[in-house]
Amino acid sequence: MPRRLIMIKKIDPKTCTGCGLCVDVCPTDVLRIDEGSRKAVIRYQENCMTCYNCELECPCDSIFVDPFRKAIQPIISYS
Amino acid sequence: MASLEHLGKVIETDVLIIGAGISGLFAGIRARAFVDRVTVLDKGPIGKTSQCYWALGGHQSFLPGDNMDDWIRDVIYFEDGLCEQDLVESVYEETFDRIKDLEALGVEFIKEDGQYRRFTTRGLDHVRGLRPHPHGIGGKVEIEVLIEESKRLGIQFLSRCFVTDLLKHDDAVVGAVAFDVRSGEYYIFKAGAVIVSTGQFSFKGHYACQGYLTGDGMAMAFKAGAELKNLEFATLWIQPANYIWEAIGTALPMGAQIVNAKGEPFIEKYSPKLKSKIDFSFLARAMAIEAKRGNGPFFLDHSTVKPEDLAFLKKRAGWMEIHIEKLKKVGVEPFDEKQEWMPVFWTVQGIKADLDCRTKVPGLFVGGRVRSIDPGVTMGSWSIASATVLGYRTGENAARFAQGHQSSGIDEAEVNLAKTKLYAPLGEVEMDPEALLQRIQKILFDTNVLILKNEKALKAALDQIFSIQEEMIPQMRARDVHELVELKQGENMVLIAELMLRASLMRTESRGSHYREDYPRLDNENWMKWILVSQENGDINLRAEPLPLDKYRFKPTRYYSDNFRIPEQ
């Protein structure tokens, strides 16, 4: 089955201050502060559940979460 | 104790609460009235893995002047007779007390002319719910005020702490072992009593914000000797095909309808009386049958909703507000165009407990939605109402238990074994946890396994689960601690999947959300019973326990599933 790994799409390193708020509020622990750049990075994208916590908390408007969730096996098919 | 220190960080507490949803938070606050040391931990950030956090936050509330007999009869009917009548009554008796608790902490519930505005649910005659302000983020507000109150009371919070096993001494639960989901640091909790309040179970499914519901609490309680119950009753729901959505349960009673590919509001043929007000497990069943008849896919049509109701539905706050804005930006108009929707798996639960929220294992208590109550049908606003009442009750009873017991020793060898087993899969990846998740979903998310069940499909699914257990799980490796969490969650999902399938095979009738194509009728003669699943010496046992109807106040006489019929093609 094709998987669309698009939920949390990007964190803009130009505007991210590395404050870590997004890392703190992610329920599924998708984000980390990169040890080198000291910016927030998407480390485990496949665990994102499109809740927008990170985007809502970000004081710098650096995060974009796509509104479409990851494709999951549907229960019924129409073929 | 000193010998334990070399294995991990040791924390002693009177009451340990695993899971910081609305139930766990109420449990902590109530327990604190009796004991000094209350610890609430969660595998995610405290409060933000709560299902309540994402919900509208409605509560069923039995108010002064309501007739309890009417309410209980509603629930018995709704649950096709398979109702814990004494428990449901005891919950309703306390729902308004918990509303008052929340109001005292600043939560406002919608009122008109000074009176609570009450909402109907699933076509029931008497049961009614209240909803908090502001519309859309009521659940978040409730969680946040409870967290603040917990902090004020000095309750210890521990975020991102994943419990793998409960610890036992002389057959009683005396603590738990856990690890930090980032650093991997090992924790050993020594507790006077333990409450599991980990919420509902899903397979990280399609429904909104379920990426962390993986059955951890059910699995740890089961392994510690508790019984699980009602696992054949998967709760089904509906969701958009490509994105998540909250509060469809509000839109359908207001006139929104699911139509098939021909534009027909087909549910009227399946339930002429309840139509779109019918429980979602039945709506999902009708969709599955329509799909088999070549009438899928399905769309949600809001054009039949009155303008003032549509305005109410559109007015959102919090995450749903930003969600709707984003969808519009990419050309999706959720209210103005027909959107594709599909049936989805919502939850299964849970652990068997008594009126005092005790399991059969001394020292182990259960709060909230991880406890089993209903047979896969879900009244609106019942989940949060029951979670608040049972959380509060669990907190009191667990604290009283802790007061009356000397703290017991923890077996160093037991901790050492659990720790060694936990970290063993860290290493080079041969098979990663994401592959396991996809395999589980492929097996379980099948029409004939979840919605229109039959023996052949259930047995085939069970065989596939066995092969995962034998061939895949031993090969699983985690590159880091995060993947170790995913792996442990995967193991728990596989266990619950096996138990669900076994229970579904055992119940040779149709009731509540459990529908067997090969046994399509209610069979009260043989199946006015609960199926209980437990483990002894490594063997899984299933047994059927009759309802104590001689002790209950009412005999079932009406059945909700009689509202559903399969129309001629």
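Guide: What follows is a quick tour in questions and answers.

Visitor: What kind of model is this, and how are things labelled?
Guide: This is a predicted model, where local features need pLDDT of at least 70, side-chain atom pairs count only at pLDDT 80 or more, and totals for chains, interfaces and linings use all residues. Residues are numbered from 1 along each chain as its sequence is written, chains are lettered from A and ligands numbered from 1 in the order written, and side-chain values use heavy atoms, without hydrogens and water.

Visitor: OK, chain A. How many helices and strands?
Guide: Chain A has 2 helices and 4 strands. These are DSSP runs, numbered from the N terminus: helices are H or I with at least four residues, strands are E with at least two.

Visitor: In what pattern along the sequence?
Guide: Chain A reads β-α-β-β-α-β. Its C-alpha trace spans about 50 × 25 × 20 Å along the principal axes.

Visitor: How much of chain A is buried?
Guide: Of its 79 residues, 51% are buried. Buried means under 20% relative accessible area, exposed over 50%, partly exposed in between, with a 1.4 Å probe and protein chains only.

Visitor: Switching topic. What is the volume of the largest pocket?
Guide: About 900 Å³. Its lining has 29 residues, and B:T164, B:D165, B:K223, B:K421 and B:Q535 lie nearest its centre.

Visitor: How do you define a pocket or a cavity?
Guide: Both use a 1 Å grid over the protein atoms alone. In a cavity, a 1.4 Å probe fits but cannot get out; a pocket is an open set with protein on both sides within 12 Å along at least five of seven lines. Lining residues have an atom within 4 Å of a point. Points are joined across faces, edges and corners, and a volume is the space filled by probe spheres set on them.

Visitor: Which element gives the largest share of that pocket's lining?
Guide: α18(B), with 6 residues.

Visitor: And how many cavities of 30 Å³ or more?
Guide: The structure holds 10.

Visitor: Last one: B:S383. Buried or exposed?
Guide: B:S383 is buried, because its relative accessible area is 15%. It lies in helix α13 of chain B, residues 382-403.

Visitor: What does B:S383 touch, leaving out residues up to four places away in sequence?
Guide: B:Q200, B:W346, B:R369 and B:T378. Contact means heavy atoms within 4.5 Å.
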